[in-house]
Amino acid sequence: MTERKFEDMPISPATLRAVQEMGFEEATPIQSETIPLILNGKDVIGQSQTGSGKTASFAIPCLEKIDPALRQIQALILCPTRELAIQVSEEFRKLLKYHSGIAVLPIYGGQPINRQILALKKGAQVIIGTPGRVMDHMRRHTLKMETVCYAVLDEADEMLDMGFREDIETILSATPKERQTVMFSATMSPEILELSKQYLKDPEMVKINRKELTVPQIEQVYFDVKERDKLEALCRLIDSYEPKLCIVFCNTKKRVDDVVEQLLSRGYFADGLHGDLKQAQRDRVMQKFRSGAIEILVATDVAARGIDVDDVDMVVNFDLPQDEEYYVHRIGRTGRAGKTGKAFTFCAGREIYQLRDIMRYANTKILRQKLPTLTDMEATKTSLFEEKVQTIIEAGDLAKYAAIVEEILSRCGEEVDVVDVAAALVKLELGEKLASMENKKNDLNAPNHFVHPSAQPKEDGMVRLFVNAGKKNQIRAKDIVGAFAGETGMPGKLIGAIEIFDEFTYVDVPYTYAKEILRRMEGNKIKGRKVNVERAKKVMPRQNRKKDGRSSQHHVRQE
Ligand code: ADP
Ligand code: MG
């Protein structure tokens, strides 16, 4: 797939100038393939990933087709949601900056219809609307469909998912048959093809391969973080990388609310986006995020769909995406169109298998990394402080404050010099911050730190059980296998490692059998001795054993 320069395409200088101003260096693959076809008058079906520049693919040729002298609707763009209709019209506005006499008008629900009717009367040539509101205007005869010569179905898959099929058909049927029709979508489905058969004439199919789904310049990393450490991990990443705009993805609405709340309580500027919010609330959140008033947007997959914000430099998968394709969509939020970005994924224990599937599907490597340690964080905080001080010194205008330093010095006597005063001020500013870190000594990179070294199963998928009988009770491996297999009917060979100590034994059993074994062994005997079987506890070994010699997990010691 070759990328092309916009300069090599037959587009007007006005459009070219706008494209340059928007910072587009070259056309994306979908643009390279579809713009020339559309300019040639072909009907086109274009499929490529979210964020790959589909809007400009239909908007650029659209501008070349409009006759500014005609004050009538010439192009009709249908979008699934209000948010997307707004985004598309913003992109149009930027692209037509140097064209004169072209007006675009977004029409969507939630906006007073009278105002839209007035605006329509002024003679916009490009209408960008949601199907529902367009139908509304058609019923009121406030939209003249007879003059449409270019129709676009944007994000066609989503429109069909949202049940707009009939509306789309009604709308297209009201436009002239000779029109040119193009369709863009992130995914393809039989339904889309069927729709295209009905309404597109001999369309050209342009499909940008899935392999190119992932944007390669994004650094993708995962961290092995336990559920309860996720928030701390998130804060450390934010503090260390200081993203301008960060999106945190969660799998449920509830999670979004929880994470937002916890971030707020830690003093971060965060807000959430999910399906329960009213449109006005969503708009407000997005507005705040775009303007930088909030730095962290916490969102569900559905809520974040199709949202397009530039300069997102960090995406965090707080929850592992439930669908491999979501992963690609999520990380597509950063590193847009050549900008660099980071994608971090939290992955707990066995979720690594799911992550491997994602890597395979997305054809990408996600490398494991260690979270920044407190030492790293201290260094970051200190160097940030140093930078700030330096900036203040460079800005000058410090006479007033220098006088205070002199005053302090004169009060302190001979042996105190300027460095002492400065050091005291640094302590005043930084001391507490650094000390508060000291208090949080738990190392997230060593989640097993507090775990008894042998209380962990040897293999993934196993659970380690503790039996309060050992060598002293003449317990042997085959006694354990006999008891467990005999009680549960589980094949003995599924039992994993068995480690027999003087007073107790560790037995690894498959995760899927653990509960059953625990239930069946309750109050049961091994070698005629009543035993206690429980999950091996993750406790620190204690130095001293209890005097009575009864083995309990709280004083086990590696023999
Ligand atoms: P899609 O509809 O495929 O999800 P968009 O059209 O919303 O993607 O484009 C995503 C972002 O990429 C937008 O911010 C857009 O301005 C930007 N963009 C589009 N084309 C280019 C390009 N050729 N070079 C750089 N950025 C681009
Ligand atoms: Mg789009």
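Tutor: In helix α20, which spans residues 511-521, the buried residues are A514, I517 and M521. Here buried means under 20% relative accessible area, exposed over 50%, and partly exposed in between, with a 1.4 Å probe and protein chains only as cover. Helices are DSSP runs of H or I with at least four residues, strands are runs of E with at least two, and both are numbered from the N terminus.

What do they pack against? The partners of the buried residues of α20 are β15 (462-467), α19 (477-488), β17 (505-510), β18 (525-526) and β20 (533-535), where contact means heavy atoms within 4.5 Å. On the face turned away from this buried side, α20 carries the exposed residues T512, K515 and R519. Just after the helix, G523 takes a positive phi of about 75 degrees.

A word on confidence: this is a predicted model, in which local features need pLDDT of at least 70, side-chain atom pairs count only at pLDDT 80 or more, and totals for chains, interfaces and linings use all residues. Residues are numbered from 1 along each chain as its sequence is written, and side-chain values use heavy atoms, leaving out hydrogens and water. The pLDDT, the predictor's confidence in each residue from 0 to 100, has a mean of 84 over the protein chain, and 87% of its residues reach 70 or more. Over residues 540-550, however, the pLDDT is below 50, and this stretch has 19 contacts in the model beyond near neighbours in sequence.

Methods. Chains lettered and ligands numbered in written order.
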